[in-house]
Amino acid sequence: MSAEIDAATSDEGRDGSRGRVFGPFAGEPGAGPWVLRLLAATALTGLGAGVTGALFWALLHGVQHLALGPTAHGLTDSVAGVPLVRRLLAPLVAGLVTGVVWWLLRRRDHVVPVTTVLHEPHRKLVFAPTWLDAILQTIVVGAGASIGREGAPRQGAAAVATRVSDWFALDDRERRVLVAAAAGAGLAAVYNVPVTGAVYVLEVLLLSKHWRIALIAAATSVIATVTAWPVVGRHAVYPFPATPVTTATWVAALVAVPLTAAVGLLFARSTSVSRHLTVHRSALLPLTLAAAGAVTGLVSWWLPEVPGNGKAILDTAFAASLGLAAAAALILVKPAVTAGWLWAGAAGGLLTPALATGGALGTAVALAAAATGHPVSVPQVALIMAVGVLAVTQRAPFFAAAFGIELTHPPALLAAVVLATALGARTLAQLVCRAHNRGHEADLLAH
């Protein structure tokens, strides 16, 4: 992160004082009112993030139902039962319409990514265009775009935090922490993953271990998650079988480390290059996004799990209903289609597409092992490798492990295997980057 973020969130300030991350010490003049303001701002941000997550969850499912019909979001979120013409037209039309609005929106350069706000203290999220951009993200994902749906609630919640910070007259450092906490809380609310939301703030957004920031991140995520329960629900996103961990599972975890490191690096590289080549402000946006939608629709004829954020792939992987040929194809096709949407100018997250790519990889490995007389649990290997790929693409093994665990609620021993694999894959990816003299790791990896 930038020097400004490091200074704002470090344990030691420039004046040498310890613990002065933001605000006065307890007992100093103004400490009481400051603490009350920050507590109130944190609580209100958590509520706002929860409402934001619930709204975008409802919008996504409403668009999905309108665009693809009820068969598109049944038990597996697959479009297999949707007529080909509808599969083709839904993302095409959505790409065309959102492309026009995105072109008009980006001409004024009002939309600022959350990470930019965290890097540059003078930048702020403007509420209306930020929310409009998030709504457009949700529309294209609901219609079948191969990008993550988590970007919209993160962005919308961060815009809410910006408003709250202004209401409570928080300074730049306090606002930056609250915006980051809100982004994590938006993710937590829409997926029912409160621990993940807090870890995302600490390991991905702010790179901080300070206890005050941890408390704000945790409180915001918990409040947001509970607030969204009436709409999102309290259950795990992915049903997962409670099968025992065997020796084959541990062997698969060892195999997963190099495989997920390689696939994670390739996924991150392809999406990073696509974002650099994107037609971000061009008047061609409606055409390129419509073309990305048409390609997605055509590909779905052979691979109906491709459209959407990746939930269909993970659903079928955890249900052990994905075939070997399809799983092998999805390892390449899912990242390629996702990169195509990014190049075409779409905005959105990459968390679930990365998880889905790893899930397809794990399914292919497990099925191939079974074919050679070495049976292993397909759902277990799919989860292990899904988390491994995400750990590499996000450069955050603890976040990736927490996300995978909270999404599935696996047995405790399997959760330990998942964390070990994430740490191993991330470490190996770092070594590969250094060995190949790529310069900054950011050249290969992108958030």
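**View 1. Confidence across the predicted model.** Averaged over the protein, this predicted model has a pLDDT of 88, with 88% of residues at 70 or more. Two stretches are worth a look here. Residues 1-21 keep a pLDDT under 50, and the model gives them 42 contacts beyond four places in sequence. Then there's 441-447, where pLDDT is below 50 and the model has 26 contacts beyond near neighbours in sequence.

**View 2. Helix α6 packing on helix α7.** Here α6 (residues 151-167) sits against α7 (residues 172-191), with the axes 7 Å apart and an angle of about 145° between them. The crossing of this pair is right-handed. On the α6 side, look for P153, R154, A157, A158, A161, T162, V164 and S165; they meet R175, L178, V179, A182, A183, G186, L187 and V190 of α7. Sorted by class, that's 11 nonpolar, 3 polar and 2 charged residues in the contact of α6 with α7.

**View 3. Helix α16 packing on helix α17.** This close-up takes in α16 (residues 397-408) and α17 (residues 412-435), which pack at about 150° with their axes 9 Å apart. Angles over 145 degrees count as roughly antiparallel, so α16 is roughly antiparallel to α17. As α16 passes α17, the crossing is right-handed. From α16 come P397, F398, A401 and I405, while α17 brings A415, V418, L419, A422, L423 and R426 to the contact. The class tally for α16 with α17 is 9 nonpolar residues, no polar ones and 1 charged.

Note on methods:
Residues numbered from 1 in each chain as written. Predicted model: local features only at pLDDT ≥ 70, side-chain atom pairs only at ≥ 80, totals over all residues. Heavy atoms only, no water. Axes fitted to C-alpha atoms, helices over the stretch in contact; angles between N-to-C directions. Helix = DSSP H or I, 4+ residues; strand = E, 2+ residues; numbered from the N terminus. Left-handed = near helix turned anticlockwise from the far one by under 90°. Contact = heavy atoms within 4.5 Å. Nonpolar A, V, L, I, M, F, W, Y, C, P; charged D, E, K, R; others polar. Parallel < 35°, antiparallel > 145°, perpendicular 65-115°, else oblique. pLDDT = per-residue confidence, 0-100.
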